[in-house]
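Please look over the model below. The report that follows takes up two sites in turn.

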Amino acid sequence: MRSRTANRSGIVIRRRVTPAGDIIVTLLTPQGKLKAIARGGVKGPLSSRLNLFHNVGVQVYQAPGNDLASVKQAVLEGALPKLAEPERYAFAHLMAEFADALFQEGEFSEQAYDLFAGALRGISHQYDPEWVALVMSYKLLGLAGILPQTARCARCGTPDPEHPDPLGGQLLCRNCAALPAYPPEALDFLRGVVKRTVRASMDAPLPDDQRPALWKALERFVTVQVGNVHSWRQLVPFASA
Ligand SMILES: [Zn+2]
């Protein structure tokens with residue numbers, strides 16, 4: 001008989017406590033996204049282990065006819081305590097919501113897991129967590145196969161557009177655009193970040209004053225292309241400004 005118990009290891013990207021005191025968690029694991037419930041978990045030892053951004057090993061039990069697996073045990077395998085710092089926390093939260101929106105349950109992606117785990121470590125340790133979050137968000141988009149069009153104007157197809165596309169978050173040519181062109185560094189970022197290595201992008205951070213436009217483009221693009229990202233949108237800096 002097939003065992004319905006499974007052991008998985010992953011990072012908690014979403015955590016919700018129900019009025020009944022259950023904890024519903026979503027883990028990003030190398031085998032895909034996993035959603036499970038720890039019944040009555042809020043009163044027990046699982047409560048502190050199943051915290052956001054914790055790397056945990058869980059034993060889950062899938063009862064027949066029950067769509068949510070139950071967490072039977074959880075062991076803390078790793079934590080990044082610096083993520084509790086407010087600015088780092090905000091960017092880590094943004095990445096977690098983003099990964100949750102981009103990747104489906106059961107969808108296998110070891111690369112997504114590695115990229116996300118790397119993003120959290122970078123946000124925890126690097127001097128410039130905002131830059132890590134911006135670069136890694138675009139890298140995750142690339143991995144999900146959802147790429148902003150940069151070679152041609154999103155509206156008319158003219159090659160080498162240089163202006164922001166305030167509705168779709170892509171690029172517009174001079175004739176279609178209402179806003180001034182991106183500065184050269186921001187344009188280079190948008191054209192190259194998905195293909196470039198994370199290290200190369202980390203070594204060439206954009207000045208602070210060029211970042212709001214990039215966040216705004218990301219927010220527009222994801223809203224149009226991915227959808228169902230309401231909670232994520234609230235976390236994007238400057239997007240609502
Ligand atoms: Zn155009």
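## Zinc site geometry

In this predicted model, the arrangement around the zinc ion is tetrahedral, because its four donor atoms subtend angles of 106 to 116 degrees. Four donors count as tetrahedral if all angles lie between 85 and 135 degrees.

The donors are the SG atoms of C153, C156, C173 and C176. They coordinate the zinc ion at 2.3 Å.

## Zinc site in the sequence

The donor residues follow the spacing C-x2-C-x16-C-x2-C. C156 sits in the loop between α4 (129-143) and β6 (163-164), and C173 in the loop between β7 (171-172) and α5 (184-192), so this pair ties together parts that are 17 residues apart in sequence.

C173 has a relative accessible area of 5%, so it is buried.

R88 belongs to helix α2, which spans residues 86-102. Its relative accessibility is 11%, so R88 counts as buried. The cut-off for buried is under 20%.

What does the side chain of R88 reach? It reaches the backbone oxygen of Q126, at 2.6 Å. Q126 is also on the list of residues that R88 touches, along with K82, L83, I123, S124, H125 and P129. That list leaves out residues up to four places away in sequence.

Technical notes. Residues are numbered from 1 along each chain as its sequence is written. This is a predicted model: local features need pLDDT of at least 70, side-chain atom pairs count only at pLDDT 80 or more; totals for chains, interfaces and linings use all residues. Side-chain values use heavy atoms; hydrogens and water are left out. Donors are N, O and S atoms within 2.8 Å of the metal (3.2 Å for Na, K and Ca); water is not among the atoms, so sites may look incomplete. Four donors count as tetrahedral if all angles lie between 85 and 135 degrees; four count as square planar and six as octahedral if opposite donors are over 155 degrees apart and all others between 65 and 115; anything else is irregular. Helices (H or I, at least four residues) and strands (E, at least two) are DSSP runs, numbered from the N terminus. Buried means under 20% relative accessible area, exposed over 50%, partly exposed in between (1.4 Å probe, protein chains only). A polar contact is a pair of N or O atoms within 3.5 Å; within protein, one must be able to donate a hydrogen and the other to accept it, and residues adjacent in sequence count only if both atoms are side-chain atoms. Contact means heavy atoms within 4.5 Å.
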